[in-house]
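Please read the following note alongside the model, with the sequence to hand. The points are numbered so that each can be checked separately.

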Amino acid sequence: MTLLVGAPVLLPALAGCLYAVLGWRPATAWLGAVAAAGSLAAAIALAAVTADGPRQALGGLLRADSLSAFMLIVIGAVALLAMLASPAYLAAESAAGHGGPRAARRYGMFTQGFVAAMALAVLAASLGVLWVAVEATTILTAFLVGHRRTREATEAAWKYVVICSVGIALALLGVVLLHYAGQHAGVDAGAGLDWAVLAGHAAALDPGVTRMAVALLVLGFGAKAGLAPMNAWLPDAHSQAPAPVSALMSGVLLSVAFYAILRVKVISDAALGAGFTRTLLLAAALGSLAVAAALLIAQRDYKRMLAYSSIEHMGLLALGAAIGGRLALMAVLLHILGHGLAKSVLFLSAGHINLAAGSSRITAIRGLARRAPLLAGAFGLGLAAVLGLPPFSLFASEIGIVRAGFRSGAWAGWATGAALVLLLVVFAAVARHAGRMLLGPPQFSDAAGPDDPAGAVRLLPRTAALPLVAGLAAAAVLGVWTGPLRPLLETAATIAGVTP
């Protein structure tokens, strides 16, 4: 059992070590994909064995329950898509004069360390270990954001480090205060940061100290989740990072940070009642949706457009968590998975568009549907998915959040109504930008002639098409049939705060 619980951390860590020793070459290029596939298989196995209760490893430092197993599935699925796309992407970057063997080696090391750190965060039994793992993701991804070592990439990496470090520092102060409250509530010093133990002693926690701790934790982890008001790092980082890294950051990292908020919310609701965290999350939700809507209207960069879309979806997650209840939390969890799949497809597609066009400006891309039908189809369907159109899973999850909101009282109804208005603005802005990029006469070219059907292959290598098609197919299937995921979603929602 120890090996199964630790596998999602150990496999990418081992792959990262192999990249450090052997470098990035044809024989090792697929190590990341193999490690991600193994992590996904281990996550599915953990989902099965944790249906009867949590499993622990390493003397209780790691704990897997249905909620953490679900998050591991999200991490494994998105990592698999990103790692499958990485060899073709790095080859295209190298052909365009960006990077080389040393940069590829660093890419392999840091991406695998990044995946391992996220897996550790969702397996941590202690808020202290969770904090350390989230901080590790900041350090590792800073090098990945600055992968190209251009002035813009370096500036984005530093901005990312500064803002997220401030947020993580606030979260650390929150962890210290919560530990202090736990000690004065009679919690054993050795288990003072165990979130399950703290939840069990929540009624004895000092309300004033706990209130300060929870506010700092939500603000700190919310910064890493891209929630307002500390979301300024996200567009710059996503616009400069390699496309597979942006897929990992938007599709998984933000959700892992939000997972930390869900764990804190369980303690807070038991100690302070649901109202305190609900107020914090509602403010973050509506603020994030408003920021995304306002900045998407006049957006000129399609990679930044996708980043602001991520802020929008984190706002929806915060809204669903604030509403609470079985329907809302199941929808939140389904939304995490659907957003991870769809946003991965979008960032991977955007990476190939950027390499082909040499620009991330929306005005530089015209007639993509005619020039590269497969790439345009993946990008267009990915946008349809994140806009919440059927049959994709984000349609089902957004409907679930909205239904739960209108069923949960006047306050939730007003908040949900305001969110719907902002979502309409987001929909109109993204649809307008997408229409400009996909339709009209072609505006950029590659090695193939304007009427050469091989142009679509050159813009999107065959090995890069597989993760795009797989991600879209999975998101579509989840929109109409959750299958064996439904019991896992129900159990995970119960752990996240729903009374059975």
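Is Arg-148 buried, partly exposed or exposed? Arg-148 is partly exposed, at a relative accessible area of 29%, where buried means under 20% relative accessible area, exposed means over 50% and partly exposed lies in between, using a 1.4 Å probe and protein chains only.

1. Basis of the note. This is a predicted model, in which local features need pLDDT of at least 70 and side-chain atom pairs count only at pLDDT 80 or more, while totals for chains, interfaces and linings use all residues. Residues are numbered from 1 along each chain as its sequence is written, and side-chain values use heavy atoms, with hydrogens and water left out.

2. Glu-93 and Arg-148. The structure holds seven salt bridges, a salt bridge being a side-chain nitrogen of Lys or Arg within 4 Å of a carboxyl oxygen of Asp or Glu. One of them joins Glu-93 to Arg-148, with 2.9 Å between the closest N and O atoms. Glu-93 lies in helix H3 (residues 66-95) and Arg-148 in the loop between H5 and H6, so the bridge ties together parts that are 55 residues apart in sequence; helices here are DSSP runs of H or I with at least four residues, numbered from the N terminus. Glu-93 itself is buried, with a relative accessible area of 2%. Leaving aside neighbours within four places in sequence, Glu-93 is in contact with His-98, His-147, Arg-148 and Leu-355, contact meaning heavy atoms within 4.5 Å.

3. Helix H9 and its surroundings. Helix H9 (residues 233-240) is mostly covered, seven of its eight residues being buried. Those buried residues are Trp-233, Leu-234, Pro-235, Asp-236, Ala-237, His-238 and Ser-239. They pack against several helices, including H5 (127-145), H6 (151-184), H10 (243-272) and H13 (326-357).

4. The side chains of Lys-159 and Asp-236 form a salt bridge at 2.8 Å, N to O, which links distant parts of the chain, with Lys-159 in helix H6 and Asp-236 in helix H9, 77 residues apart. Lys-159 is partly exposed, with a relative accessible area of 34%. A salt bridge also connects the side chains of Arg-304 and Asp-236, at 3.2 Å from N to O. Arg-304 lies in helix H12 and Asp-236 in helix H9, so this pair ties together parts that are 68 residues apart in sequence. Through shared partners, the salt bridges join Lys-159, Asp-236 and Arg-304 into one network.

5. Packing of H11 on H12. Helix H11 (residues 274-297) and H12 pack at an angle of about 155°, with their axes 8 Å apart, the axes being lines fitted to C-alpha atoms over the stretch in contact and the angles running from 0 to 180 degrees between N-to-C directions. That makes H11 roughly antiparallel to H12, a term that applies to angles over 145 degrees. Among the residues that make the contact are Leu-281, Ala-285 and Leu-289 of H11, and Tyr-308, Gly-315 and Leu-319 of H12.

6. Val-5. Val-5 lies in helix H1 (residues 2-22) and is buried, with a relative accessible area of 0%. Not counting residues up to four places away in sequence, Val-5 touches Leu-46, Arg-55, Ala-57, Leu-62, Ala-64 and Leu-123. Val-5 and Ala-331 are 326 residues apart in sequence and 26 Å apart in space, C-alpha to C-alpha.

Conventions
Helix = DSSP H or I, 4+ residues; strand = E, 2+ residues; numbered from the N terminus. Parallel < 35°, antiparallel > 145°, perpendicular 65-115°, else oblique.
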